[in-house]
Amino acid sequence: MTMIGTMLHRATQLGLATAALLAMGVGMAQAQLAAPPGPTAEAIKKRGVLNCGVDTGVPGFAFQDNAGKWKGLDIDYCRAIAAAVLGDPEKVKYVPTTAAARFTVLQSGEIDVLIRDSTLTFSRSTQLGLDEVAVNFYAGQGFLVRKALGVSKAADLQGATICVITGATLELNIADFARSTGAKIGTLLFDKPDEAVAAMEAGRCDGYTDDSGSLAGMRSTLKVPNDWMVLPELISKEPLGIHARSGDPRWQKILFWVDTMLKSGEEYGVTQANVDQMKTSKDPFVLRLVGVEGDFGKQLGLDNEWSYRAIKAVGNYGEIYDRHFGPKALDLPRGLNNLWNKGGMHYTLPLR
Amino acid sequence: MTSRQKAWGLQALALIGAGAVLAFFAVNAVGNLAARGMVLDYGFLWQRAGFDIPFHLVAWEPSFTYGHALFVAGVNTAFASVLCIALASALGLVLALMRLSGNLLAGGVARVLVEVIRNTPQLTQVVFFYLAVLAVLPPMRQSLSMGGVAFLNVRGLYVPAPTDGPWDTIALATLGVVLVAAVLWRRLGMMVPRLFVLPAVLVAGLALAGWTAGWDVPVLKGFNFVGGVRLPPEVVALVLGISIYTSAFIAEALRAAIQGVHRGQGEAARSLGLTGGQTMFLVVLPQAMRLLVPPLTSQYLNIIKSTTLGAAIAYPEILQIFARTVLNQSGRAIEVMTLVLGVFLAVNLLVSALMNAWNRRLALSGR
């Protein structure tokens, strides 16, 4: 090895060592061994605020109302996590992320958790250095089309042009759908929903495609919502949920069990209104759920009131759903998003 | 130590410092990637892309690779850049001449236009033109028909496409001959002005090419016209948005350049009996070019970079296809961004080198 080669080698080693030290400094390297609640939760507690990555603006999941206040199913999840970890649902910094940038923002550590109607998929799991923690909404890709077109199912869209948001699973699904059915559907890719919807309303494309949950929200923002319809058919499975960085399993356990507690709350009838009375329930599952018995909170590295606070802050899963997608909101039937014993898909692990 | 040595020493130190900072970032990135179980790997370029590119000038199928997508998107970027550079230069010239015309109305209009255009955000203008273009054009089923062969509607301009036949060879040969002749006209010893001959040759050649070709005429079928070629409104809006914006800056640079030419030049030309137009195009503008090329280079480089605004209005250029779709699907943020930056850097350095070569040719050797 030449001298320059040796020097380069040394420099690389030194650089790697420095990088490793830096990484340890932010608590990455010792993650496997960390005591509860793990480095991410420690950092959040020290900071006093949860950095929650959300959508830039989709009614139902995350959007700002006229007063600039964030609202939506994903927002309520952020609030529940902040209530569990920090004791206050208001201690959340919402970081709006575009479809294209969301995973990079999470990888870089700018946010602690990504709850942004994002589909959990194979390649996101294996290639992005991220882990899928839980599904908080079962959606599928659907189409919003002009009623005047007289289209009744997705296969009728042969030759149509559809406006799509770039950087999501949506464009791939359309390509796969076209490939498997032989239908030729043109796409027009936009950065943000606003321009896509404006182009669609101007007639540049025949429809808009997105997750079924988002479509209902999007339709409500159109100039004349009644001119448009959501096709009943879905062309894909889109389990939307919570993404966290790999390397801190303790933090992922907290996220997973907050989700479980919200859903269990619905299963056992614990609501935002009655969570205080439930502390005197006779059901041992309920008592564990509201933190009167057992030491579940302590096992996660939190206090025992964590799940009580989460439900007190935002209600159980059913209440959250009704608030944003129920008959008084976007009026989207619960379908797969009901509990397992009511014909849905939400089946929680037992509190034991 | 001479001051020259000192200067070199400082330069070397600055270089080492910059290199060290870059190396630190690189090592840091690799280390952090490794800590997250990721590696720097460009192998994804050979993976199947799987998505459609709605507007492409060269062949594209979803079964092609990510690497191929970079090429297709690059061609789209180049296409928009060339159109924008041509249109922005022409518009800039018109605005500058209006401003210098001495006519109160023309000068005032040009002045207001320049101020309005260059003092509003470019992205806003691009989106504005897009929505304006879409608002003006009729819907699909009420297309403006041009003789039943070309159609204009909100989806774009549909024109017949030449299909088989030797048309492409003839068209390319004509273009080649005309270009070579235009450049070498004087050296070929031609006495007739080239402007009289070459356009006629060009039209005749293209007409012959069109006559030999078969034509694929667009026909309305289902949702869309089938057949022919389509110029989508995204291209029109992007080219208009960028060209008009940049033309304001080019006009000002050109005005400065023209005013930088000594007054005596124009006065001498007029006293020799040249008309106003001849004075401008034969005497003043050629000399103004010398002052114009450096600022013009910056504007052209800006145009190439500005084509990335197409991502906002669904024009599939490099940023949209690569830094959005491919980045998201492959998850290779650092690899994709380095590639995109590298492509723009390479193209802009090339354009910059060409413009500098032109500048050297124009420069007066005596001064």
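**Figure 1. Domain 1 and domain 2 of chain A in the predicted model.** The centres of domain 1 of chain A and domain 2 of chain A, taken over C-alpha atoms, are separated by 30 Å. The domain assignment of chain A places residues 34–139 and 239–328 in domain 1 and residues 141–236 in domain 2. In the contact, 15 residues of domain 1 of chain A meet 16 residues of domain 2 of chain A. On the domain 1 side, strand 5 (113–119) and strand 6 (130–139) of chain A are the elements that give two or more residues. By class, this side of domain 1 of chain A has nine nonpolar, five polar and one charged residues.

**Figure 2. The open five-stranded sheet of chain A.** The strand order is 4-1-5-12-6, and the pairing is mixed. Strand 4 (92–97) and strand 6 of chain A are at the edges with a single partner strand each, so one side of each has no neighbour in the sheet. On average, neighbouring strands of this sheet are turned by 25 degrees against each other, direction ignored.

**Figure 3. Strand 6 and strand 12 of chain A, with helix 9 of chain A across them.** Strand 6 of chain A and strand 12 (residues 238–245) of chain A run antiparallel and are joined by eight bridges. A:D131 is opposite A:A244, a residue of strand 12 of chain A. Helix 9 (residues 249–267) of chain A lies across strand 5, strand 6 and strand 12 of chain A. The helix runs at about 15 degrees to strand 6 of chain A.

**Figure 4. Contact between chain A and chain B.** Chain A contributes 44 residues and chain B contributes 39 residues. On the chain A side, the elements that give two or more residues are helix 1 (3–25), helix 4 (102–107), helix 5 (122–127), helix 6 (169–181), strand 9 (186–190) and helix 7 (193–201) of chain A. Helix 1 of chain A gives the largest share of this side, six residues. The residues of chain A that touch chain B divide into 21 nonpolar, 16 polar and seven charged.

**Figure 5. Packing of helix 2 of chain B with helix 10 of chain B.** Helix 2 (residues 66–100) and helix 10 (residues 318–330) of chain B pack with their axes 8 Å apart, at an angle of about 160 degrees. That angle makes helix 2 of chain B roughly antiparallel to helix 10 of chain B, and their crossing is right-handed. B:Y66, B:A69, B:L70, B:A73, B:G74 and B:T77 of helix 2 meet B:I318, B:I321, B:F322, B:V326 and B:S330 of helix 10. The residues of this contact comprise eight nonpolar, three polar and no charged.

Technical notes
Residues numbered from 1 in each chain as written. Chains lettered and ligands numbered in written order. Predicted model: local features only at pLDDT ≥ 70, side-chain atom pairs only at ≥ 80, totals over all residues. Contact = placed C-beta atoms within 7 Å. Helix = DSSP H or I, 4+ residues; strand = E, 2+ residues; numbered from the N terminus. Nonpolar A, V, L, I, M, F, W, Y, C, P; charged D, E, K, R; others polar. Domains from an automatic or database assignment. Axes fitted to C-alpha atoms, helices over the stretch in contact; angles between N-to-C directions. Parallel < 35°, antiparallel > 145°, perpendicular 65-115°, else oblique. Left-handed = near helix turned anticlockwise from the far one by under 90°. Pairing = 2+ DSSP bridges.
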